[in-house]
Amino acid sequence: MWFGRDAFGRRSLLVHWPNSEDSRLLLSSVAPPSSFAKISDENGKRDLNFWEELSCGIYSIHMDALETDGCLVGEVKMHEWTNPMLRGLIKWERALVQPTPDNLQFSDFGYEPAQSVLLALRESVMRRTAHCTNFQAVVHEASHLDCVPVAVLFSGGLDSMILAALLDECLDLRYAIDLLNVSFDGPSAPDRISARAGLKELRRVASSRRWKLVEIDADLSKLTSEKIHVMSLINPATTYMDLNIGIALWLAAGGDGWLYEPPGDDKIDEDPLRVAYNSTARILLVGAGADEQCAGYGRHKTKYRQGSWVGLDEEMRLDMQRIWKRNLGRDDRCISDNGKEARFPFLDEDVIRTFLDIPLWQVANLDQPRGIGDKKILREVAKLLGLHQAAVLPKRAIQFGSRVARESNRENFGSNRAANQASAGSAVISRPS
């Protein structure tokens, strides 16, 4: 029997390896809800280690039946990737890490690196959407106005704006594009504000496209059963941060919200029009991998200050080599639970290779202020696409931009201050009995 997971873990696959307490070998794309509710040790505490993310790779197992009791026995073997290019990408090694003073002096001249990233990303989006209408039922020509085959997980930030603009270039103009935005604080959440601004900018640079901003509003205090369900989806992840991200992704992928239509320029005093809407797009473009490859996290700046360019490169490599375990399995399960398929253009092999071929100081310059030097290469890509407002937006994670983290902190710790003192992001969830 053969089983495996792609080299970067873009699809979820969980495993329970045989042990002294349970001799079964189990494989599943998601942990069954029953395992979340019932798996206990002899002291009555849940065994949070029953399932684990399968490490990326190809495995085989040759099984024989024992004559005595009919049980199957076998040895699992992990096979090396035979593609040299793929092996190189997994190592994630960049040739040019440490700049000279001259390198830094002239690094802001020219858009050639950004052009190469733009070309690779455009091809990546095309590759993931070229046959997307196969996911829709055959419709009459007059019904194309209602057919939306692809949506974008949309905060209005740098990554999602780039994906939306590239999707516009790749998708037939007959189809609208859904922009899925989730908020736990109505119109006041930072991601809701930037999403509305992003819609305006997209309509400016791609006026022929029908853009649909789908505003998905949530009240965390009213999502009791939903939170329990998402806890089973994020399993084996166990922290409040995972739950916050998971429930935001799960709600966004569900696509059940309101279509936002701003008032016209001559009616700026009127409230925006909102109509109930459910996105039927079966493919969801997600920006995972952009921050890891372009130094978008705050910890990247910390490592740079502590260890300069080499320290930054090592931290980015660590992020890419553990993204399968920390992010992608969880994200894939939460999105797929809605019958949607997440696709990750920034994690295309050719895109990863393109980033690695660019000197690190042209990918990011963390001596520059936030919103300029972090993800510098993607900011240049955004400018090439005409997205000048998005090009200067600071990084904001979905749990903070949607304000689910703030609501979770209040609900579980009493306040943001108490949550910070308890290191709430890494705290293990108090699971229901």
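User: At what angle do helix H5 (residues 158-170) and helix H6 (residues 190-205) pack?
Analyst: The model is predicted: local features need pLDDT of at least 70, side-chain atom pairs count only at pLDDT 80 or more, and totals for chains, interfaces and linings use all residues. Residues are numbered from 1 along each chain as its sequence is written, and side-chain values use heavy atoms, without hydrogens and water. Helices (H or I, at least four residues) and strands (E, at least two) are DSSP runs numbered from the N terminus, and axes are lines fitted to C-alpha atoms, for helices over the stretch in contact, with angles from 0 to 180 degrees between N-to-C directions. The axes of H5 and H6 are 11 Å apart, and the angle is about 30 degrees.

User: Which class of orientation do H5 and H6 have to each other?
Analyst: Angles under 35 degrees count as roughly parallel, over 145 as roughly antiparallel, 65 to 115 as roughly perpendicular and the rest as oblique. The angle here is about 30 degrees. H5 and H6 are therefore roughly parallel.

User: Which residues of H6 are met by H5?
Analyst: Contact means heavy atoms within 4.5 Å. From H5, the residues taking part are Met161, Ala164 and Ala165; in H6 they meet Gly198, Glu201 and Leu202.

User: Is alanine 424 buried or exposed?
Analyst: Alanine 424 lies in the segment after helix H16 (416-421). Leaving out residues up to four places away in sequence, alanine 424 touches Tyr240, Met241, Asn409, Phe413 and Ala419. Buried means under 20% relative accessible area, exposed over 50% and partly exposed in between (1.4 Å probe, protein chains only). At 6%, alanine 424 is therefore buried.

User: How far apart in space are alanine 424 and threonine 239, C-alpha to C-alpha?
Analyst: In sequence, the two are 185 residues apart. In space, the C-alpha to C-alpha distance is 8.2 Å.

User: Which residues does glutamate 315 contact, leaving aside neighbours within four places in sequence?
Analyst: Glutamate 315 sits in helix H10 (residues 298-336) and is buried, with a relative accessible area of 9%. Its contacts are Arg299, His300, Lys303 and Arg322.

User: Which residue in S3 is the bridge partner of leucine 14?
Analyst: Strand S2 (residues 14-16) and S3 run antiparallel and are joined by three bridges. For leucine 14, the partner in S3 is serine 28.

Notes: Pairing = 2+ DSSP bridges.
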